[in-house]
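Please open the model in a viewer and keep the selection panel at hand.

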Amino acid sequence: MKDAEGSGPTARDPGTNSGLKGGKMSQLSKLFEPLQIGPMTVPNRIMMSAMSAGPKVDEKLEITDQIIAYYVERARTAPGMMAIGATAVVPNPLRRGIRLFDEEILPSLTRLVEAVHRYDTRFGAQLFNPGGTGGGPIELISPSGISSNVRDARESERSPRKQNNRPLSIEEIPGVVGHYANGARMAARAGFDFVEIHAGHGYLISNFMTPLFNRRTDRYGGSILNRARLLLEIVEAVKGAVGGRLAVGVKFNGDDFIGKDGWTLAETRQLAPMLEAAGADYLTLTAGLVGSPRLTIPPLYEPHGCYLELAEAVKPLVKIPVAAVGRIKSPQMAHDLVAQKKVDFVVLGRAFIADPEFVAKTRAGQLDDIRPCLGECRGCADEHIQRGGLTTCVVNPRMSRELDLIDVEGVAKSAPKHVLVVGGGLAGLEAARCAAFSGHRVTLCERGERLGGQLLLAAKMPARSELADILPWYIRQLNKYGVEVRLSVEVNRALIEQMKVDTVIVATGSLPEVPQHLINIVMNVANIKVLMLDDMIRDDSFTGAKALVIGGNQNGILACDWLAERGAEVWVAEAHGHFGEKLAGHDRWYLLNRLAKKPVHRIKNVRGIEVGGNDDVWLVTDEGTQNLPGIDTIVFASDRRADRGLAEVTEKLSLDTYVVGDAHDAESESASTILATIQQAYDVARRI
Ligand SMILES: Cc1cc2nc3c(=O)[nH]c(=O)nc-3n(C[C@H](O)[C@H](O)[C@H](O)COP(=O)(O)O)c2cc1C
Ligand code: SF4
């Protein structure tokens, strides 16, 4: 089974070619015009952003085959440029990953570069030091020994977290500059076409630029020129080391968006011509710090092209190419930005994670076949950057498994089964797509009038309608692979027998339920309206003014935003110590910032909820009992029950049966997340 819509090549099949020179040009022709960047001719205007994708090296510190497969799968569609994620340049024996300061990395790094260079793309390495980001035993270096976390830095003069973070002495700085130049030399020896100096995101160079993190009083602190001095010296040194052979780019924050103690757009406008004069061959304008209100990996709460204004502000000030990054995911938008000369090229990150064939499909004009990044960061940002594991993707179940999961279209055609998928939510859609792609005959029955299941409700939450953008993509894939879709059909034993299927995939979802220990609430209320979350959203049936939401995980906390938008004052009672735990960290950050501006009261560690006479509502916490006056609506948003009754029927019929999505698991930590739903359905369906 091949991923998505499969005629393209696979990671183990480098001979086939969906994106090499001479591919069919789409109407988005400006995107596919070449561009000169320093000594490097770039075949088109799309760059795959520098993105680390999980542990890159094995125990021998050699780059893994899996990481090579990740890059190759994207390289074969021939983006103009692509860069490996942040690579360490300042020697530190404890630092893992691709160590550009370590001779031993050279053979496997060269192997990676050669593998990518089989395709028509320019390949770069990003030169990096984390500055005050991170924790643990590794020694961090920074301008003033302050953590790069905005909140921590504002609270303390020194590193408050468990960080081994020390300020660089002025005598050490030339050595650090030299390490960047050495890293660039190593990149040149491995065969890279360009290097990108990472000067954003609260890492070392960015720390020097941001007054909040840079409290120095020497020539590297204070004025803008002093704070930018380290970057300018690094650009000059790197240029001196590899200029003329490799292009030298700079990726830096156009604005930290943290107010007066941050790096600002006005400063960026001053700096850009200085970077050009120092030898930079291109500039990419990014944004975001740990703990800033706007993040580097912006979730769906940010608009498409959210940081474009930063690049636009810089472009008229320099002659070198300028690029924008941040939520650019539509080929049309990418094209228009280039065609209207707002930028010279576009840098896309997660669009490449969600669909490795983004460029090939854009080039071929198959825009509807591009699987969209939803900006729901539970996979990429959470799994890798926050939890340190492999990068996954909520819509691309093969992400970081490119080497092992090779899907071949029509592989089951010689002995196809008739597969019945019951339920047209995400799990059913993914299972149907996968099974049909393999060549099985698939019928999908949905009891409702529309496909989408719970996703239709999730997309009704404020500012989250983009989640539903995956549905047209699924519908198109099902059409393409000949899935018969039947809507408004209740599947029962008689129908299954009549259909004469070989295999049944039960994707019947879950239902919200009142937890047993809270049944007394339902029995005791007099005039308070009691609503189940799904019904309230589906029917838009809230008419009250003061609501208590029971359960503050993903669904409950999102419901608060929905209720507040309808003018309600909201209390949310959560049994555990955190809210929205199932949400991606980045989504949650934006959501909690939204809720902070609304009349939403979050109460955690709630041990009991009681309703007395006269509709008096009480919450019991470790601190005591709290009365919530005037509650007129109680919304149950905590527990869900898997609806898998049909599986018992099919098993009695001795049919090959699989259960996917919420019907399989409605209770675990990751249950009911898009990430877990699609991945589990994919893994199950590819076994058929
Ligand atoms: C998994 C992941 C890893 C990333 N690693 C890096 C990195 O190593 N260096 C970097 O400059 N940006 C990194 N980024 C940020 C992206 O390069 C990009 O700036 C950001 O995701 C915004 O672009 P997008 O909206 O197109 O994804 C990473 C992003 C993701 C999702
Ligand atoms: S996990 Fe979400 S945000 Fe990240 S690439 Fe996939 S769809 Fe986009």
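The model is predicted: local features need pLDDT of at least 70 and side-chain atom pairs count only at pLDDT 80 or more, while totals for chains, interfaces and linings use all residues. Residues are numbered from 1 along each chain as its sequence is written, with chains lettered from A and ligands numbered from 1 in the order in which they are written.

**Domains.** Colour domain 1 (29-386), domain 2 (418-509 + 643-685) and domain 3 (512-640) separately; these bounds come from an automatic or database domain assignment. The centres of domain 1 and domain 2, taken over C-alpha atoms, are 39 Å apart. Between these two domains, 11 residues of domain 1 are in contact with 11 residues of domain 2 (C-beta atoms, placed from the backbone, within 7 Å). On the domain 1 side of this contact lie 4 nonpolar, 2 polar and 5 charged residues (Ala, Val, Leu, Ile, Met, Phe, Trp, Tyr, Cys and Pro count as nonpolar, Asp, Glu, Lys and Arg as charged, and the others, Gly among them, as polar).

**Ligand 1.** Next, select ligand 1 and the 27 residues around it, of which S49, G85, A86, G349 and R350 come nearest (a residue is near if its C-beta atom, placed from the backbone, lies within 6 Å). At least two shell residues come from each of β3 (46-51), β4 (81-88), α10 (350-354) and α12 (378-386); helices (H or I, at least four residues) and strands (E, at least two) are DSSP runs, numbered from the N terminus. The largest share, 4 residues, belongs to α12. This shell has 13 nonpolar, 11 polar and 3 charged residues.

**Ligand 2.** Finally, select ligand 2, which 13 residues surround, the closest being R350, C373, G379, C380 and C393. Here α10 and α12 are the elements that give two or more residues. The most come from α10, with 3 residues. By class, the shell around ligand 2 comprises 9 nonpolar, 2 polar and 2 charged residues.
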